[in-house]
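Please open the model in your viewer and keep the selection tool at hand. This tour takes you from the whole chain to single side chains.

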Amino acid sequence: MDSTFDNLDAASFLQIWKHFDSDDNGFIEGKELDEFFRFIMNKLQLSEEETEDKLRRLRGNFMSVYDTTTDGRLQIQELASMLLPEDENFLLLFRRETPLNSSVEFMRIWRNYDADGSGYISSGELKSFLQDLFLQHKKEISSDKLQEYTDTMMLLFDKNRDGRLDLNDLARILALKENFLLKFEMEACSQEERKRDFEKIFAHYDVSKTGALEGPEVDGFVKDMMELVKPDLTGADLDKFRKALLGHCDVNGDGMIQKNELALCLGLKLSS
């Protein structure tokens, strides 16, 4: 990126993002995108001649490099990659070497940092998460900078402005991939197809390969299952549905859901 943005910090980046994401939907798209690239042209002091043509070319060149999802719009991580200097680009730490593609892993993180079991991530808990993340990436950070990042993350992702993060907020931060269960239509296929799909589903959530779902594996399955009907799932909702699922499926009362127990809950009888 041009040296114009070399001194841009996280707080200034936040102002740019909030200005152009005018509908607060988490993307810069459509007319917002045109306005953003006009802003870039102005910052780069490009000639006003053939502005529309230059705008199209500038937009095409930048989007081909930074629109990593190729959906024709900018996500916050993509814009951070475009504008923020490397030492300020803390948002890209969440685009990990191994993408977060499992709700089981997500729920393991959630349970770890929701230390008080409130069903939310407080500002203090978020700070602990960020501190551990920087340590994991072997990056040194001052206490003042850590607080600045914590405050900025809260402003960016705390959509209802209640000073804490819910499940969906943290999922956006960690760039959690699409709900695994969306790949399946259990009611729209034959019994044999349902059994085949069940095997794939169970294998996905049985990360430990023990033949039973336990701890974050149960959490991950519950999260994905309930979000099919309740997209704005809260931590309290998840705990309630988890308790209900265990009460219904955990026949032997061991706190886990065995493969055959889950199959029976879903109306399937597995072969011996």
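The stops below run from an overview to particular residues.

**Before you start**

This is a predicted model, where local features need pLDDT of at least 70, side-chain atom pairs count only at pLDDT 80 or more, and totals for chains, interfaces and linings use all residues. Residues are numbered from 1 along each chain as its sequence is written, and side-chain values use heavy atoms, with hydrogens and water left out.

**Stop 1: the whole protein**

Show the cartoon. The protein has twelve helices and four strands. Helices (H or I, at least four residues) and strands (E, at least two) are DSSP runs, numbered from the N terminus.

Now colour by pLDDT, the predictor's confidence in each residue, from 0 to 100. The protein averages 83, and 86% of the residues score at least 70. Select strand 3 (residues 212-213): confidence is highest there, at 96. Then select helix 4 (residues 76-83), where confidence is lowest, at a mean of 78. Where pLDDT is low, the predicted coordinates should not be read in detail.

Switch to the surface. Its accessible area is about 14,600 Å², and 49% of that belongs to carbon and sulfur atoms. Accessible areas come from the Shrake-Rupley method with a 1.4 Å probe; for residues, only the protein chains shown count as cover. Of the 272 residues, 44% count as buried. Buried means under 20% relative accessible area, exposed over 50%, and partly exposed in between (1.4 Å probe, protein chains only).

**Stop 2: the disulfide**

Select Cys249 and Cys265. They form a disulfide, with sulfur atoms 2.0 Å apart; the term means a pair of cysteine sulfur atoms within 2.5 Å. The count for this model is one disulfide. Cys249 lies in helix 11 (residues 235-249) and Cys265 in helix 12 (residues 259-265), so the bond ties together parts 16 residues apart in sequence. Is Cys249 buried or exposed? Cys249 is buried, at 1% relative accessibility. Cys265 is partly exposed, at 25%.

**Stop 3: salt bridges**

A salt bridge is a side-chain nitrogen of Lys or Arg within 4 Å of a carboxyl oxygen of Asp or Glu. The count comes to 14.

Select Arg73 and Glu29. Their closest N and O atoms are 3.4 Å apart in a salt bridge. Arg73 sits in the loop between helix 3 and helix 4, and Glu29 in the loop between helix 1 (10-20) and helix 2 (31-43), so the pair ties together parts 44 residues apart in sequence. Arg73 is partly exposed, at 26%. Glu29 is partly exposed too, at 25%.

Next, pick Arg164 and Asp162. Their side chains meet in a salt bridge of 3.1 Å, N to O.

Move to helix 9. Glu192 and Lys195 both lie in this helix, three residues apart, about one turn. Their salt bridge is 4.0 Å, N to O. Glu192 is exposed, at 55%. Then select Arg111, Asp219, Asp239 and Arg242, which salt bridges with shared partners join into one network.

**Stop 4**

Thr70 has a positive phi near 50 degrees, and Thr70 is not a glycine. Thr70 is exposed, at 67% relative accessibility.

Go on to Lys209, in the loop between helix 9 and strand 3. Lys209 also has a positive phi, about 60 degrees, without being a glycine. Lys209 is exposed, at 58%.
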